Amino acid sequence: MDLRLTQALRLGALKLPPAVSSVLPGALASRVSGGTVSVVRLNGVIASASGPVPRSVINLQAVESALTRAFEAENAVAVALVVNSPGGSPTQSQLVADRIRGLAAEHELPVLAFCEDVAASGGYWLACAADEIFACPTSLVGSIGVVSGGFGLTGLIERFGIERRLHTSGENKARLDPFQPEKPEDVEWLLGMQAELHELFIEWVRSRRGDTLDAGADLFTGEVWTGRKALELGLIDGLGTVREVLEERYPDAEAVTVEPRRPLLARLGVGVLSGVPGFGAIDPTAAVAGALEYLEHRAAWSRFGL
């Protein structure tokens, strides 16, 4: 079947009578009759780690199963991404976005992104993987920049009489160690790295948004805007919730939320291991690391008042 005809059928731009649709291949016939829109939620800080709160982190490993199932759904006419993220890892942002684009090309399905509370920094990177971006007027969108954060713990270890021992075979191997005083040359290196990553971010946004961006506006300062202003600047394509837009765009389709597959132990619950020797013991190092990770994640949301 001609590709343009197939796409027209998927988008609902062409309606066929029952006598015709009944002889179409099963998957295409169901698309003509309405089909489904696969909805995937991308919620949380973008990071390679598992996260201090279950399912609070976006990375390729965490979302790939949901994305694959969404695009491979037999009756899918489109995929909707519901993005709610303050950003995080540039690499994980790119990996997830590239996977979305690859699946979209493979299955020839349109992708719509919907910004919720915030789609900032890496969150906006993910939204740009869609063919169209929508937001609420009150959503926070943009923050096209790079930020790094951490903790300086030199005073803390001195207070408790802890001696830091660190041995390296390269002079730059231990840059920005949180247990040592910050060095100007390390900060200079970090700023150079941030500038390079910022340029890659800008290239991605321009490649995806093209001529829709306001050429007269400085969009790459790291500023964040409301959804209403983001529409004026060309950062998004329209205002509306996922329900509103999908009902208007695909009135005969059913929106189906696709969840990532969870490991067996996660489905059974952590409590099943509480009585097993070796499980449930408190590791002080892990506890401190988890607390710091939680604070970093909270700081990422707090930058946007959330």
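Mentor: Let's start with a rule: rings of Phe, Tyr and Trp (its six-membered ring) pair if their centres lie within 6.5 Å, with planes under 30 degrees apart counted as stacked, over 60 as edge-to-face and the rest as tilted. This is a predicted model, where local features need pLDDT of at least 70, side-chain atom pairs count only at pLDDT 80 or more, and totals for chains, interfaces and linings use all residues. Residues are numbered from 1 along each chain as its sequence is written, and side-chain values use heavy atoms, with hydrogens and water left out.

Trainee: How many aromatic pairs does this rule give?

Mentor: Ring pairs link W125, F201 and W204 into a cluster. By the ring rule, the aromatic pairs in the model come to three.

Trainee: Is the pair of W125 and F201 stacked or tilted?

Mentor: Their ring centres are 5.0 Å apart. The planes sit at 35°, so the pair is tilted.

Trainee: Which helices hold W125 and F201?

Mentor: Helices here are DSSP runs (H or I, at least four residues), numbered from the N terminus. The pair ties together parts that are 76 residues apart in sequence, because W125 lies in α6 (residues 122-127) and F201 in α8 (residues 184-209). That makes the two helices α6 and α8.

Trainee: And W125 with W204, stacked or tilted?

Mentor: Those ring centres are 6.1 Å apart. Their planes are at 20°, so this pair is stacked.

Trainee: Is W204 buried or exposed?

Mentor: Buried means under 20% relative accessible area, exposed over 50%, and partly exposed in between (1.4 Å probe, protein chains only). The relative accessible area of W204 is 13%, so W204 is buried.

Trainee: What about L191, buried or exposed?

Mentor: L191 is found in helix α8. Its relative accessible area is 51%, so L191 is exposed.

Trainee: Are α4 and α5 roughly parallel or roughly antiparallel?

Mentor: Axes are lines fitted to C-alpha atoms, for helices over the stretch in contact, and angles run from 0 to 180 degrees between N-to-C directions. Helix α4 (residues 60-72) and helix α5 (residues 90-107) pack at about 15°, with axes 10 Å apart. Angles under 35 degrees count as roughly parallel, over 145 as roughly antiparallel, 65 to 115 as roughly perpendicular and the rest as oblique. So α4 and α5 are roughly parallel.

Trainee: Which residues of α4 meet α5?

Mentor: Contact means heavy atoms within 4.5 Å. On the α5 side, the partners include L95, I100 and H107. From α4 come L60, V63, E64, L67, T68, F71 and E72.
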